[in-house]
Amino acid sequence: VLYYLEQKQRSARLQWPTPCLFCGRVARQHGLCAGCMESLPWNRQACPVCALPQTTLVPHRCAACAARAPSFDVAWSAFRYEAPIERAIHGLKYHAKFHFGALLGGIMAIQAAQRPGALPQLLIPVPLHSTRLRWRGYNQALELARGVHQHAAINVDADAVRRVRATADQIGKTARDRAKNIVGAFVATRDLQGLHVAIIDDVMTTGSTVGEVARICRDAGAALIEVWTVARAP
Ligand SMILES: [Zn+2]
Ligand SMILES: [Zn+2]
């Protein structure tokens, strides 16, 4: 009887529907219900270079990329920075909601596998400065890279690039100030000669942070540099 009960409990546990992370209805895929999955702000129309969301049907190189090519080769972002993705990122970044790291990283991996070209050989999460890392206790970009790794089996090197200078918060700064603020904040700790890498971060806004990490990777010899972010802010 005990064995029977155990079996019954086990099968009940296995069949128990998991609630959708966003609305609590029954989840179907990636911990989300079909409705939420459908209505997420996918970044389908975007600049083919920097992933800036566009409203035109045919994607085209945005004005900024046309004027000056960024230091990375191509940026790709799963979503536009809108609800409920905005909230999920906030939860991961400030409230240690690690299940959002696994969810968003998993979605990134699946979406990235559908883009053209080979997968990168190495994932490089944008590092936090040691002071901020101690204060927060974890790096949200590394949590996302781990989520990607679980689905795509691409190696993660969280120490390939180090943040050697703490920078003031980028929020509320102009694009020019952001770019100035970040110069010299990173160093590479290893040779990336000939490697195809993807820099991982939660949100890309002006691209100054990932641009600076890309510049450091290029100096360290990286041959092809992609930027993968969960969400792209306009
Ligand atoms: Zn839902
Ligand atoms: Zn662009």
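1. The second largest pocket of this predicted model has a volume of about 600 Å³. Here a pocket is an open set of points on a 1 Å grid over the protein atoms alone, where a 1.4 Å probe fits, with protein on both sides within 12 Å along at least five of seven lines. Grid points are joined across faces, edges and corners, and the volume is the space filled by probe spheres set on them.

2. Its lining counts 25 residues (an atom within 4 Å of a point), with R68, P70, T206, G207 and S208 nearest the centre. Two or more residues each come from α3 (63-67), α8 (175-182) and α9 (208-219). By type, the lining holds 14 nonpolar, six polar and five charged residues; Ala, Val, Leu, Ile, Met, Phe, Trp, Tyr, Cys and Pro count as nonpolar, Asp, Glu, Lys and Arg as charged, and the others, Gly among them, as polar.

3. Now for the fold: the chain has nine helices and seven strands, taken as DSSP runs (H or I, at least four residues; E, at least two) numbered from the N terminus. Five strands make an open, parallel sheet ordered β1-β7-β6-β2-β3, where pairing requires at least two DSSP bridges. Because β1 (74-80) and β3 (155-156) each have a single partner strand, one side of each lacks a neighbour in the sheet.

4. Two backbone details are worth a look. A cis peptide bond, omega about 0 degrees, joins A83 and P84, and P84 lies in the loop between β1 and α4. A51, not a glycine, has a positive phi of about 70 degrees and sits in the loop between α2 (34-39) and α3.

5. On conventions, residues are numbered from 1 along each chain as written, and chains are lettered from A and ligands numbered from 1 in written order. Local features need pLDDT of at least 70 and side-chain atom pairs 80 or more, while totals for chains, interfaces and linings use all residues, and side-chain values use heavy atoms, without hydrogens and water.
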